[in-house]
Amino acid sequence: MPEGDTVWQAARRLHDALAGKVLTLSDFRVPRYALVDLTGRTVLDVTPRGKHLLTHVEGGLTVHSHLRMDGAWKIFAAGQRWKGGPAHQIRVVLGNADRTAVGYRLPILDILRTADDERAVGHLGPDLLGPDWDPDRAWANLSADPSRQLGEALLDQRNLAGVGNVYKSEICFLLGVTPWLPVGEVPPDRAAHLPALAKKLLEANRDRPVRRTTGLPGHDLFVYGRAPRPCLRCGTSVRVAEQGDGSRERPTYWCPACQSGPAPRGFSRRGGRPSGPPPPAAPPPSPWP
């Protein structure tokens, strides 16, 4: 699923292609908006809000979209062949004389009055890459339910907006706690730095084509997607298990040696070390800014 940094990049590409220009093409391919025509209106801006995209159009209208797992906005030059999936997956096309933006597989697509934007995004917590970022409020939201697993609390966009499954695993690794640790049991010194760490990671990656959290040559991520390879810090096999609230389970990665706290049922507290020589020595990750 796209996370806050990739949505921020999508918003920038859409803004660069559409903002300040008059729409000459408007094609909504969802039944609810099939008769809507925005041609002749100027796109004012494209603003990311957590994992949501708000395209503001002249006349007080907002095109609200969300990518979820498979959605994507593709930008093409005028006359360029569209490539992003079969035509039946296109949900909306917005274009001007120079660029065309094509929304593929968008699971959420709405047209709102701009005055009603909060209907779409008002439930979100502070945006890690937005002007409303407030670390104290973010931590207050996260800690409001001290018994909730940290990984689940981080994914709840009502607490703070922008963290997805990749950053959930990486943040927990850098804090040295498992994603199954209750929020109320996160050591106070680490809890105090959690919001700043999350913001630092997303800000560092919002302009990068490849997401990186390690700072180590040849290694982009500490734990996400690395099971059962050796932990870059200690050499223990990285583990993976599902974590969720029952409605959706997500693959979650952790090092059982570097991260303290409970493991999911069926996993021992510490995993066996991989066979063969240990990985090249790597400096321990700085757990917070």
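## A salt-bridge network

Arg148, Asp156 and Arg158 are linked in a network of salt bridges. This is a predicted model. Asp156 is buried, with a relative accessible area of 10%. Arg148 counts as partly exposed, at 24% relative accessibility.

## Other salt bridges

The structure holds eleven salt bridges. One of them joins the side chains of Asp132 and Arg49, at 3.2 Å from N to O. Asp132 sits in the loop between α2 (118-121) and α3 (135-142), and Arg49 sits in strand β2, so this pair ties together parts that are 83 residues apart in sequence. Asp132 is partly exposed, with a relative accessible area of 28%. Arg49 counts as buried, at 16% relative accessibility.

Asp116 and Arg119 also meet through their side chains in a salt bridge, at 3.7 Å from N to O. Here Asp116 is partly exposed, with a relative accessible area of 29%. Arg119 is exposed, at 62%.

## The enclosed helix α5

Helix α5 covers residues 165-175. Eleven of its eleven residues are buried, so the helix is largely enclosed by the rest of the structure. Burial under 20% relative accessible area is the cut-off here.

The largest nonpolar core has 36 residues. Which of them touch the most other members? They are Leu150, Leu154, Leu160, Ile171 and Phe173. Helices α3, α4, α5 and α7 are the elements that give two or more residues to this core. The most comes from α5, with six residues.

Leaving aside its neighbours within four places in sequence, Leu150 is in contact with Cys172, Val177, Pro179, Leu181, Val183, Val186 and Leu194. A second, separate core has 25 residues. Val7, Ala17, Val57 and Leu67 are among them.

## The four-stranded sheet

Four strands form an open sheet in the order β2-β3-β4-β8, with antiparallel pairing. The edge strands are β2 (43-49) and β8 (108-113), and each pairs on one side only. From one strand to the next, the twist averages 20°.

Inside the sheet, strand β3 (residues 52-57) runs antiparallel to strand β4 (residues 61-66), and six bridges join the two. Leu54 has His64 in β4 as its bridge partner. Helix α1 (residues 4-18) packs on the sheet and touches β2 and β3. The direction of α1 makes about 175° with that of β2.

## Where the parts meet

Two elements link these sections. Strand β2 is an edge strand of the sheet, and it carries Arg49, the partner of Asp132.

Note on methods
Residues numbered from 1 in each chain as written. Predicted model: local features only at pLDDT ≥ 70, side-chain atom pairs only at ≥ 80, totals over all residues. Heavy atoms only, no water. Pairing = 2+ DSSP bridges. Axes fitted to C-alpha atoms, helices over the stretch in contact; angles between N-to-C directions. Contact = heavy atoms within 4.5 Å. Buried < 20%, exposed > 50% of the residue type's maximum accessible area, 1.4 Å probe, protein only. Salt bridge = Lys/Arg side-chain N within 4 Å of Asp/Glu carboxyl O. Core = buried A, V, L, I, M, F, W, Y, C linked by side-chain atoms within 4.5 Å.
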